[in-house]
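I opened my notebook to look up a few places in this model, one entry at a time. Here is what I wrote down.

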Amino acid sequence: MHVLPLQLTRLTDATLPDGSRVDVEITGDTVTRVTPAGSDGPANGATREPTATDPATTLNLDGFLLLTAPAEPHAHLDKALSWDVINPPMGDLVLAIESWKAYAATMTVESIADRAREQALAMLANGTTAIRCHVDVLHGDEPMRGVRALVQVRDELRGLLDLELVALAGPHVPSEAVLEALDLGVDLVGGAPHLADDPDADLRRLLSLATDRGVGVDMHTDESLDGAVTMHTLAAVVRDWPSSRPATAGHCVRLGTMQTAELDGLIGEIVASDIGVVTLPITNLYLQGWEHTVSTPRGLTAVRALLDAGVRLGAGADNVRDPFNPVGRSDALETASLLVTAAHLTLDEAYTAVSSGARSVMSLPDAGVQVGAKAELLAVRGSSLSEVIANASADRYVVHEGRLVAHSEVTRHIAVLSAPTRPEPSVSAPILETR
């Protein structure tokens, strides 16, 4: 049993998605050497436990696929794991919002922090080492309850995972509350302008607040199959923003229902403004299309067109077991699998969307098995990307900042049936001889 976190200096005999087997050297939080497995001498075999004089360790990954660790570009930790408590009716986005608002009035800082912490650690155990969390600026008394809870959890989990916070300000949240959230430690301005009576005006209000404070934005954008399109305004306003103030658009479901000519023009604006787009298959597949009882739309953004145009694309789970999505396994491999099934991405494209693509949208440094990259890594038992995405083995090692921060093992027992009794051959039955 490892005592975690554990500083790593070497990973041996790991399999990469291209089938090659490598040894990886790590210095601090950075990959410093990648060589063919065994080329520097015999592998060290089992994990070498640290000692008082030598705290570093080598980890043997024979039988494991080594990947860039996933990042979650769009989470709602303040809502997570509330489905069983709320027991809401199943339905579309409007019904989910109503159910959530009724419950949110009863929450405390402590109850929010407890669920958020549990959810973040579940994601970490499955390999996610960076999370961007949208946190509600709440209505009524103590509107900063969620903000205070998530700032607390971020401090508690520092060193285990990176947690970035976005102030999710609905159309009726006053600007002063958004600024207070930033003062309390929230990193980015967010909102859902497409839900406002005047979507364009609400979007410009939030973008102005971000400009005044010199921070980036991550907007819930056009989360419907029809209706308002705010992406044009978002692209126009952020066009000349510096790279230190990133702009991200989440959901973007409306893009998936546009005709080609209109979509191509809008994607051109997205590319010109370098907006990162986040697709959220599990939640949007659940929330969208309830009114369409025949040929129900998929409820995803235009994933293929965005990728082909060179848009920075990330993918996440969004909600997990709350009124906006009653299911979810807190596992980026589930998101990748849904991208293959529902968005028709290749296996490589799907995993890239939940790892390096998500990191790009989150303005995080490059990570993975390459010299100079950050040692944010996930090893999953399996021999290929197709096997790993399909089976999602729980046997995993999770590396954050060059340290082993999570290790899961599964023990499986399957009953073995005794061989059936073979009948004695009859006199007339032929007897076959096997050589």
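**Entry 1: a glycine in a loop.** I looked up Gly91 and found it buried, because its relative accessibility is 7% and buried means under 20% relative accessible area, with exposed over 50% and partly exposed in between (1.4 Å probe, protein chains only). Gly91 sits in the loop between helix 1 (83-86) and helix 2. My helices (H or I, at least four residues) and strands (E, at least two) are DSSP runs, numbered from the N terminus. Which residues does Gly91 touch, leaving aside neighbours within four places in sequence? I found Tyr286, Leu287 and Trp290 in contact with Gly91, where contact means heavy atoms within 4.5 Å. Along the chain, Gly91 and Leu287 are 196 residues apart, yet their C-alpha atoms are 6.7 Å apart in space.

A note to myself on the ground rules: this is a predicted model, where local features need pLDDT of at least 70 and side-chain atom pairs count only at pLDDT 80 or more, while totals for chains, interfaces and linings use all residues. Residues are numbered from 1 along each chain as its sequence is written, and side-chain values use heavy atoms, with hydrogens and water left out.

Entry 2: Next I went looking for empty space. Rolling a probe the size of a water molecule over the atoms shows where such space is left. The search runs on a 1 Å grid over the protein atoms alone: a cavity is a set of points where a 1.4 Å probe fits but cannot get out, and a pocket is an open set with protein on both sides within 12 Å along at least five of seven lines. Lining residues have an atom within 4 Å of a point. Grid points are joined across faces, edges and corners, and a volume is the space filled by probe spheres set on the points.

The largest pocket holds about 580 Å³ of space. I counted 30 residues in its lining, with Ile97, Lys101, Asp136, Gly170 and Leu195 nearest the centre. Which element gives the most to this lining? It is helix 2, with five residues. Helix 2 (93-104), strand 8 (162-169) and helix 9 (281-287) each supply at least two. By type, the lining of the largest pocket has 15 nonpolar, nine polar and six charged residues. Here Ala, Val, Leu, Ile, Met, Phe, Trp, Tyr, Cys and Pro count as nonpolar, Asp, Glu, Lys and Arg as charged, and the others, Gly among them, as polar.

**Entry 3: the cavities.** How many cavities of 30 Å³ or more are there? I found two. The largest cavity has about 100 Å³ of space. It is lined by 14 residues, and Glu72, Thr128, Ala317, Asp331 and Ala332 are the closest to its centre. Helix 11 gives the largest share of that lining, three residues. The lining of the largest cavity divides into seven nonpolar, four polar and three charged residues.

The second largest cavity has a volume of about 50 Å³. Among the residues lining the second largest cavity are Glu72, Gln119, Met123 and Ala317. Strand 6 and helix 3 each supply at least two residues there.

**Entry 4: helix 3.** I checked the length of helix 3 (residues 109-125) next. Its 17 residues should span 24 Å at 1.5 Å a residue, and the end C-alpha atoms are 24 Å apart, which agrees; the expected span is 1.5 Å times one less than the number of residues. Buried residues of helix 3 include Ile112, Arg115, Gln119 and Met123. An α-helix has 3.6 residues a turn, so residues three or four places apart point the same way. The buried residues of helix 3 pack against several elements, including helix 2, strand 7 (130-136) and helix 4 (145-156). After helix 3 comes Gly127, with a positive phi near 120°.

**Entry 5: cysteines.** How many disulfides did I find in the whole structure? The search gave zero, a disulfide being a pair of cysteine sulfur atoms within 2.5 Å. Cys133 is in no disulfide, and the nearest cysteine sulfur, that of Cys252, is 19 Å away. Cys133 is buried, with a relative accessible area of 0%. Cys252 also counts as buried, at 0% relative accessibility.

**Entry 6: a serine.** Last, I looked up Ser175, which lies in helix 5 (residues 175-183). Is Ser175 buried or exposed? At 19% relative accessibility, Ser175 counts as buried. Leaving aside neighbours within four places in sequence, Ser175 is in contact with Arg205 and Leu209.
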